[in-house]
Amino acid sequence: MAGVAVSTTINGDNVEFLCQPDETLLDVLRDRLGLTGAKEGCGTGDCGACSIILDDRLVCSCLVLGAEAEGRHLETIEGMAHGDRLHPLQQKFLEHAALQCGVCTPGFLMAAKDLLAKNPDPTEEEIRFGLAGNLCRCTGYDKIVRAVQDAASVMKQA
Amino acid sequence: MRYIRPLSIEDAAGLLADSAGTAAILAGGSDLLVRMKGGFIEPDLIVDIKAIDGLGEIRETAEGFSIGAAVPCAVLGENTALQKAWPGVVEAAKLIGSKQVQGRCTIVGNLCNASPAADSVPALVAAGAKAVVVGPRTRRTIAVEAVPTGPGKTSLAKGEIIEAILLDKRLPRSGDAYLRFIPRTEMDIAVVSAGVNLTLDEQGRVKSARLALGAVAPTVVLVEEAAEVLIGSKLDEATLERLAKVCSGACRPIDDKRGTIEFRRKVAGVLARRAATTAYARAGGK
Amino acid sequence: MNFDPRYSGRNFTSVGTRPIRPDGVDKVTGRARYGADFNMAGQLVGRVLRSPHAHATIRKIDTSKAEKLAGVKAVITAADLPDLTDGDAAMYDILDNCMARKKALYDGHAVAAVAAVDARTAKQALKLIEVDYEVLPHVTDVDEAMKHSAPLINDAIFTEGLEEKPVKPSNVTKRTQYGHGDIHEGFGQADFVVERSFKTEQTHQGYIEPHACVANVSSDGTADLWVCTQGHFVYRQHCAQLLGMEASKLRVTSSEIGGGFGGKTHVWAEPVALALSRKAGRPVKLVMTRDEVFRASGPTSATSIDVRIGARKDGTITAAEATLRYSCGPYAGMWAEIGAMTAFACYKLENVKTVGYEVLVNRPKTAAYRAPSAPMAAFAVESAVDELAKEIGMDPVEFRIRNAAQEGTRSSYGPVYGPIGIGPTLEAAKNHPHMKAPLGKNQGRGMACGFWFNFGGQTCTDLNIGMDGSVSLAVGTVDVGGSRASLSLVAAEELGIPYEQIKTVVADTSSLGYNDMTDGSRGTFSSSMATISAARNAIKILRERAAQMWDIPVDDVVWEEGHAIAKGATHGNLSPLSLKEIAAASGKTGGPIAGHSELVADGAGVSFATHICDIEVDPETGSTRVLRYTVVQDAGKAVHPTYVEGQYQGGAAQGIGWALNEEYIYGKDGRLQNPGFLDYRIPVCSDLPMIDTQILEIPNPNHPYGVRGVGETSIVPPLAAIANAVSNAAGVRMTHIPMSPPRILAAIEAERGG
């Protein structure tokens, strides 16, 4: 099987990689590029742990081929903080203890970032439905929803 | 295995027609990659159609709307004109998967995956939508319900691709709606679903109607009898009761991990009634 | 050293505050390393071949074609994991579960494994392994498996615990009985008796992170294992025993763990990865797919339970009886026994009897899941209690308060209770605004109580004070939900220094003595006890060093608020020495300062909770919506209240999923039909309301700070609380969990028809 040469942008950096044609973007990120923040919880788009933002769309990177990244812009959890300054969502997740085991957290943060970008002032219901593609088994979602609400109000003031 | 991203629909059709092994079309990938992950399909060729000009667009034409095969369902929801004209189709498309899947999945993919439980299909069938089918040297337009022939099977020949879905202009005094039943509030496959499209006369009586049920038979069922029950009525309680009964009767469901025969029959009637009520209100009926 | 674990009332400075966890930033930036996030140079990819049959004799496995495939470096079968268990039946079962020996006992049972240069080659190699199966009749239902006509899963099993030794083998491995008094007499005194049968389906812990490990075995007999586990010391013991290694030569490092809930207390893939690495002579990474997680790891028991409870008109329970049948998968377990112990633990009963039957079925080996076995028993008992209250005409809360166990009550499973929280949680629930909130059409309210034992166990910690006065705390209990924050708080409290001055890590198996795993809600309870003990040992040394620096007797030095204080009139002019100052001088006063602790944390205080919930039922579809949910639970002392709330909320959410939608669905062919998150429906964000919590603190007399375990009890009441709410909303008693829409609608229709 011949490899596919891909040139793409990840968190603002130009990145080039070679991947197999059937290799998922998630596998490329994790195994070829060392970006292990996106997790594989299911590999079938049902848990959201591998969420990234692809050209301003939230996607499950397990449902994207690596080859499809050609010429596109990717945002992953590794690019969410600016240097040592956390994104308000990251800060609020910490303050509200919106994580226990934390394995779903990168996916939730990407989904929440996408949600607030499109709807800066969501209701509780909009947050709950907006994050329904991300499974968390530890928290019962309560503190996650509160963290997103709090981050939204902080970001509006900023 | 090869991954190719052709620039024209003819090239794509040609690649598919000429492929010796298993070929797969990739638009959103939300079904294809799941099947690849599970080992249910190992394509020798993947044809990514997203670089083809026009396939990623929704066009408003003199006849209505043309929705390209590579348009993610999320984009349908963001198109105000489409949302206003065909709220039932849009709400069905927007129910597929999660936000993450919404950014990728397409209604053509949903149709060609040929699942009896596909969310967008009953709504499209009720809406009388058509599919533009392109082969290496052919081009034809067929009714959406003619595409799936059974679970996982379509009527498309080797080398044929659906280029777009066509929806008519919204007629005055008409409206559509789609409802599905799932155990959770999100992320599930429909256990039963119902799409309804109604047009009223000036007195508010149903003039024409189409009602389709999902997940109750090997393919989506267009319930002709339901239309007969609805036509001429103002959706009074007795009509709705009859509608529910007719729809329950039209089901040929199975027992499976998602629901029982009895449950599907009963709830098909309930959803048909509720969807018809919404469509009627959207058509301006009171 | 003498450590007094008894509770002594005190005012807390650090404990009870809510700082940010030490592992937090890594977890919100994607830097935290979980099981699958670790790689080694030259690493191979391991994959497991699994049985597609529920029950089959393995006649022959031919691996020759797979071995010849380019890029394949090792292929193993059971032959590569010889039986070294030496008559230890429980270990033999673990071995057989890791790799089927004579028979495949469930859909998903491992039969062979490969290690190859990449995932594609490994996957291809699996297809080239030829397994000759003789398919046998199977049984997956717990009641069916008990019948005489059922296919036998293991013909060497003769039911234990019967009065007469059975002559025929059976799928029932054991009968156990608990209780006291005379139930016949008790039922004779009853004015009302409720008798019901209940069923619950099998569920999975549903952790988001699949099992993952990297094994590296060296030809010198040493090995390293990186793995997501709740107990790396236990994994080390099990792996070493199964592979014939000396435990100390196997170093196990626990990765960050992406959820466990009991499911990561058992080895599955790890011995296989080690065997592959040993054979290939290279590191092997083995990560389960989600499909494998469902088919081959973890599930809880499916159950069938009969309950009978009698009470007098005044609301006093006179007798209670339950028969509990729990599936164990294909290997013996003690799941029904735990159910039998917990079933009536909330109540003060004169006459009580519970009988448990452990039942073998062709399903994956049952594993612990958060308060294992208790939720199902509570579902049956608390449903019957609710019904009985209704028959008597009493408020369900009042009825429970009247019969609640108290300090001094002899529990239904034997021991006499010390100070406990069941009464207070019921009183708090009774007075909670939730109880008085109005309900709408098709809405119902339910409540239920739950109990869990909690566990202590073997624990040790090291507390090292750096020369700059910062403190590193090494613990051996895996942090599953914020315990590093809690243990830092405890160390800060005891030493009298700020939380920020402490860094807590989970040490690997070569850096610390043996620790039992994080289970039984023991993580914070037991490691905090060991941390307090270690800190007190460090303080003793700090006092000695201060005495040396001052040249006064050590008995004249006390430790207060992070400082050594010289007491007594003669030393009045000595200003206090801070921990930092003593640490800075340590090189000249005797070297590094540290405190160690090795102990068995006895006296884990039992835990009780009361939950309230409101549910709306759509009577036309059987659809449910959770409108409001409240958890009241005794924590003993909440060390980090936010994480305690998190445990309450998380347990409730898992219980809600179990109650309403989660279940293993097997086809007639004995194969699991829903091994994925699409059709194994755990609650999503939009399914749930905010989950209200109320923490009660009834100190555990056996812990210096009064701490009790908090992690598990919260999953015990939800099944029953929701069943009671649904039953009230739908007007029909629900007896089968999960209460999926088809089951609710069928129950409503049956009620209408009948």
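Colleague: Which elements of chain C do the buried residues of H10(C) pack against?

Modeller: This is a predicted model. In it, the buried residues of H10(C) include C:Trp335, C:Ile338 and C:Met341. Their packing partners in chain C are strand S7 (172–180), strand S14 (317–327), strand S15 (352–359), helix H11 (374–392) and strand S16 (443–452).

Colleague: Why is helix H10 of chain C described as largely enclosed by the rest of the structure?

Modeller: Helix H10 of chain C covers residues 335–342. A residue is buried if 20 or more other C-beta atoms lie within 10 Å of its own. Helix H10 of chain C is largely enclosed because the buried residues number eight of the eight.

Colleague: What does the radius of gyration of chain C come to?

Modeller: Chain C holds 21 helices and 27 strands. For 754 residues the globule rule gives 27 Å, and chain C is close to that, so it is as compact as a globular protein of that length. Its C-alpha trace spans about 90 × 75 × 50 Å along the principal axes. The radius of gyration of chain C is 27 Å.

Colleague: Among contacts in chain C between residues at least 6 apart in sequence, what percentage join residues at least 24 apart?

Modeller: Start with burial: 62% of the 754 residues of chain C count as buried. Then take the contacts in chain C between residues at least 6 apart in sequence. The share that joins residues at least 24 apart is 80%.

Colleague: Is C:Thr642 buried, partly exposed or exposed?

Modeller: C:Thr642 sits in helix H19 (residues 641–660) of chain C. The cut-off for buried is 20 or more other C-beta atoms within 10 Å. C:Thr642 has 19 C-beta neighbours inside 10 Å, so it counts as partly exposed.

Colleague: Which residues is C:Thr642 in contact with, leaving aside its neighbours within four places in sequence?

Modeller: C:Glu697 is 55 residues from C:Thr642 in sequence, and their C-alpha atoms are 14 Å apart. A contact needs C-beta atoms within 7 Å. With neighbours within four places in sequence set aside, the contacts of C:Thr642 are A:Ala97 and C:Arg18.

Colleague: Which element gives the most to the side of chain B that touches chain A?

Modeller: The contact joins 22 residues of chain B to 25 residues of chain A. Strand S1 (2–4), helix H2 (32–37), strand S3 (45–48) and helix H6 (99–102) of chain B each supply at least two residues of the chain B side. With four residues, the element that gives the most is H2(B).

Colleague: How do the residues of the side of chain B that touches chain A divide by class?

Modeller: Chain B brings 22 residues to its contact with chain A. By class, this side of chain B divides into nine nonpolar, seven polar and six charged.

Colleague: Which element supplies the largest share of the side of domain 1 of chain B that touches domain 2 of chain B?

Modeller: The assignment for chain B gives domain 1 (2–48 + 58–167) and domain 2 (190–282). Their centres, taken over C-alpha atoms, are 25 Å apart. The contact takes 19 residues from domain 1 of chain B and 19 residues from domain 2 of chain B. On the domain 1 side, helix H5 (87–94), helix H8 (120–127) and strand S8 (148–150) of chain B give two or more residues, and the largest share, six residues, comes from H8(B).

Colleague: Which residue in S10(B) is the bridge partner of B:Ala131?

Modeller: Strand S6 (residues 130–134) of chain B runs antiparallel to strand S7 (residues 139–143) of chain B, joined by five bridges. S6(B) and S7(B) form a hairpin with four residues between them. Five bridges also join S6(B) to strand S10 (residues 161–168) of chain B, again antiparallel. In S10(B), the partner of B:Ala131 is B:Ile165.

Colleague: Which strand gives the most to the side of domain 1 of chain A that touches domain 2 of chain A?

Modeller: Chain A divides into domain 1 (4–79) and domain 2 (88–157). Between their centres, over C-alpha atoms, lie 21 Å. The contact takes 13 residues from domain 1 of chain A and eleven residues from domain 2 of chain A. With three residues, the strand that gives the most to the domain 1 side is S3 (residues 51–54) of chain A.

Note on methods
Residues are numbered from 1 along each chain as its sequence is written. Chains are lettered from A and ligands numbered from 1 in the order in which they are written. This is a predicted model: local features need pLDDT of at least 70, side-chain atom pairs count only at pLDDT 80 or more; totals for chains, interfaces and linings use all residues. A residue is buried if 20 or more other C-beta atoms lie within 10 Å of its own, exposed if 12 or fewer, and partly exposed in between; C-beta atoms are placed from the backbone. Two residues are in contact if their C-beta atoms, placed from the backbone, lie within 7 Å. Ala, Val, Leu, Ile, Met, Phe, Trp, Tyr, Cys and Pro count as nonpolar, Asp, Glu, Lys and Arg as charged, and the others, Gly among them, as polar. Domain bounds come from an automatic or database domain assignment. Two strands pair if DSSP finds at least two bridges between them. The radius of gyration is taken over C-alpha atoms; the globule rule is 2.2 Å times the number of residues to the power 0.38.
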